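This report describes a protein model for a reader who is new to structural work. Please keep the sequence and the structure in view while reading.

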Amino acid sequence: MATAAATARSPQASPASRAPVNPWVIALTVTLATFMELLDTSIANVSLPYIAGGLGRSYDEVTWILTTYLVANAVVLPLSAWLSRVLGRRNYYLLCVALFTVTSFLCGIAPSLGIMLLARVLQGIGGGGLAPVEQAILVDTFPANKRAAAFALYTMAIVTAPAIGPVLGGWITDNYNWRWVFFINIPVGILSMVLTSRFVHDPPGFAEERKTVRTAAGKLKIDGLGIALIGFGSGALEVVLDRGEIDDWFGSPFILWTCVLAIVCLLTAVVWELKQDDPVIEFRLLRTPNFAIANLFYFIFGFGLFASTTMIPQILQTLYGYRAIDAGLVLGPGAFVITMLAPVGAQIVQRGFIQPRYMLFGAVLIVGISFLHYSRFNLDTDYAHYAWARALQGLGYAFFFVPLTMIAYSQLKPNQNNKASSLTNFFRNWGGSFGIAFINTVSDRRMEFHQSVVGANLSAPTPQVQQQITQVTHYLGAHGMSPTDAGRAAYNYIYSRLQAQAHFLGFMDCFLIVGVLTLAAAPIVLLTRPFAVGGKSTAAH
């Protein structure tokens with residue numbers, strides 16, 4: 001009798017005894033912490049010079065604050081489905097939020113770089129599980145015919161948070177102290193833990209899924225080799241992508257051997273996991289056509305979003321002289337368009353006005369066109385043109401993620417949702433990492449190319465360049481400079497202008513390449529198999 005009473009009192013053991021919770025309350029609860037975590041991927045970027053000064057270290061040293069977080073995040077993210085089954089999805093989510101909140105406090109009070117890096121590793125471990133677990137919770141909380149609206153909320157979080165991060169980080173750093181970049185997570189984390197503990201519970205069917213991680217005798221089954229291979233491989237690959245350009249890529253033995261380690265571990269992990277009855281990462285899900293194609297576009301989504309979110313503020317700060325907060329505000333119109341239109345797109349798909357694959361096809365085209373539009377800018381382009389271009393990009397992303405997520409889950413069984421969420425976030429996360437590495441590397445390489453053209457123009461000036469040098473020389477001479485000094489200053493002025501132009505053209509080449517690749521991938525969307533929205537695919541299991 002006592003045991004039965006205790007069981008009845010347990011919120012996890014007796015789901016039938018709980019009052020039903022509005023699914024939108026659950027959606028808002030889990031989105032809160034995910035938004036906070038994704039905000040943290042970019043909020044510290046603009047504060048690095050101030051952190052370096054506060055900790056008494058060089059700028060290159062404090063860039064490891066970003067690297068350590070991303071590495072820990074990359075290691076944990078693919079393991080989140082397995083950890084959810086081991087600990088329980090709700091318990092794991094609460095643990096992640098608690099760890100993220102506590103380590104945010106430790107980052108804020110860190111007296112040295114060593115303590116800061118340790119805290120960032122732990123913060124990345126806590127943050128890595130939030131996004132995939134939220135996606136799994138949304139899929140299981142909402143019936144298939146209402147998921148589109150829930151995914152619209154998720155879209156707003158994962159797209160707007162990285163865009164808001166630099167703006168908020170710049171404002172906090174300029175007006176308060178860089179330590180508040182981390183402290184602001186604390187009240188949000190506490191609120192998230194309170195709401196999660198009250199409203200979020202594991203669905204009844206998840207109990208059966210959790211049994212798959214234990215033997216008949218109740219002993220935990222641990223795929224130690226799979227976990228090690230995925231952990232070392234993911235961590236090594238993130239280090240390569242994040243530090244490659246800084247350390248001259250394969251000119252650095254460290255980057256070369258880290259890349260070899262990443263390739264060997266990840267390829268071995270795929271082979272090993274495909275042979276396991278209960279793998280840590282279910283790569284066999286990629287045999288499902290719609291899910292495989294969807295993951296390709298999760299990668300493209302992350303690649304384009306994080307590449308542009310990194311590149312636009314960098315262009316505006318280095319070449320236009322914008323403050324960090326002003327450069328970040330250029331991203332605002334895109335976030336606004338997504339916030340306004342993502343729910344509209346969800347309703348259009350949910351009501352069956354258009355098939356998800358056709359909406360996704362149109363969205364990919366708009367995103368690709370927006371990148372080509374960026375590539376036509378010049379150094380005279382003003383704030384309004386950048387803001388409108390970002391709004392056009394936001395229009396594409398507003399109708400991108402919702403149909404993509406519906407396609408991803410269209411052919412999967414309910415008991416595959418948990419493992420699927422880890423894979424989709426795995427591809428989205430790597431898309432972002434590759435996108436940032438691409439921008440940092442290709443922009444520098446193309447800048448070097450354009451600089452070689454600049455050098456040729458200065459060593460043997462064209463009539464136009466020579467005319468500009470003469471005009472500047474005369475202007476400076478008329479304002480009191482000697483002919484010799486005026487000629488030297490004019491030459492340096494023209495050189496700096498041409499250098500800025502070379503730098504700018506390097507960025508424009510990146511926009512052009514990303515736009516062409518995005519448009520080239522668009523027809524692949526049409527290879528997905530049709531399915532009834534809210535029902536099963538014609539080719540479902």
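Which residues do ring pairs link into a cluster? The cluster consists of Y320, Y322, F371, Y374, F377, Y383, Y386, F504 and F511. The model in which these residues are seen is a predicted one.

## Overall architecture

The protein chain contains 24 helices and 0 strands. Of its 541 residues, 52% are buried. The accessible surface of the protein chain amounts to about 22,900 Å², and carbon and sulfur atoms account for 66% of that area.

Contacts in the protein chain can also be sorted by separation in sequence. Among those between residues at least 6 apart, 82% join residues that are at least 24 apart.

## Confidence in the model

The average pLDDT of the protein chain is 81, and 87% of the residues reach a score of at least 70. Confidence is highest in helix α19 (residues 356–374), at a mean of 93. It is lowest in helix α1 (residues 2–9), where the mean is 42.

Where pLDDT is low, predicted coordinates should not be read in detail.

## Aromatic pairs

The structure holds 27 aromatic pairs. One of them joins W24 and F142: the ring centres are 5.1 Å apart and the planes stand at 70°, so this pair is edge-to-face. The pair links distant parts of the chain, as W24 belongs to helix α2 (residues 23–40) and F142 to the loop between α9 (130–141) and α10 (147–175), 118 residues apart. W24 counts as partly exposed because its relative accessibility is 36%, which falls between the limits of 20% and 50%. F142 is buried because its relative accessible area is 4%, under the limit of 20%.

Y298 and F401 form another edge-to-face pair, with 5.5 Å from centre to centre and 75° between the planes. Y298 lies in helix α16 (residues 289–319) and F401 in helix α21 (residues 401–409), so the pair ties together parts that are 103 residues apart in sequence. Both Y298 and F401 are buried.

## A nonpolar surface patch

Which residues make the nonpolar surface patch of about 500 Å²? The patch is made by F250, L256, W257, V260 and V264. V264 is found in helix α15 (residues 253–274). V264 is partly exposed because its relative accessible area is 47%. A residue can belong to such a patch if its relative accessible area is over 30% and it has no salt bridge.

F105 is located in helix α7 (residues 89–109). Is F105 buried or partly exposed? With a relative accessible area of 40%, F105 is partly exposed.

Leaving aside residues up to four places away in sequence, F105 touches F183 and I186. The C-alpha atoms of F105 and I184 are separated by 9.0 Å, although these residues are 79 residues apart along the chain.

Methods:
Residues numbered from 1 in each chain as written. Predicted model: local features only at pLDDT ≥ 70, side-chain atom pairs only at ≥ 80, totals over all residues. Heavy atoms only, no water. Patch = residues over 30% accessible without salt bridge, like charges linked within 9 Å, V, L, I, M, F, W, Y side chains within 5 Å. Areas by Shrake-Rupley, 256 points an atom, 1.4 Å probe, with all protein chains shown as cover. Salt bridge = Lys/Arg side-chain N within 4 Å of Asp/Glu carboxyl O. Helix = DSSP H or I, 4+ residues; strand = E, 2+ residues; numbered from the N terminus. Buried < 20%, exposed > 50% of the residue type's maximum accessible area, 1.4 Å probe, protein only. pLDDT = per-residue confidence, 0-100. Phe/Tyr/Trp six-rings, centres within 6.5 Å; stacked < 30°, edge-to-face > 60°. Contact = heavy atoms within 4.5 Å.
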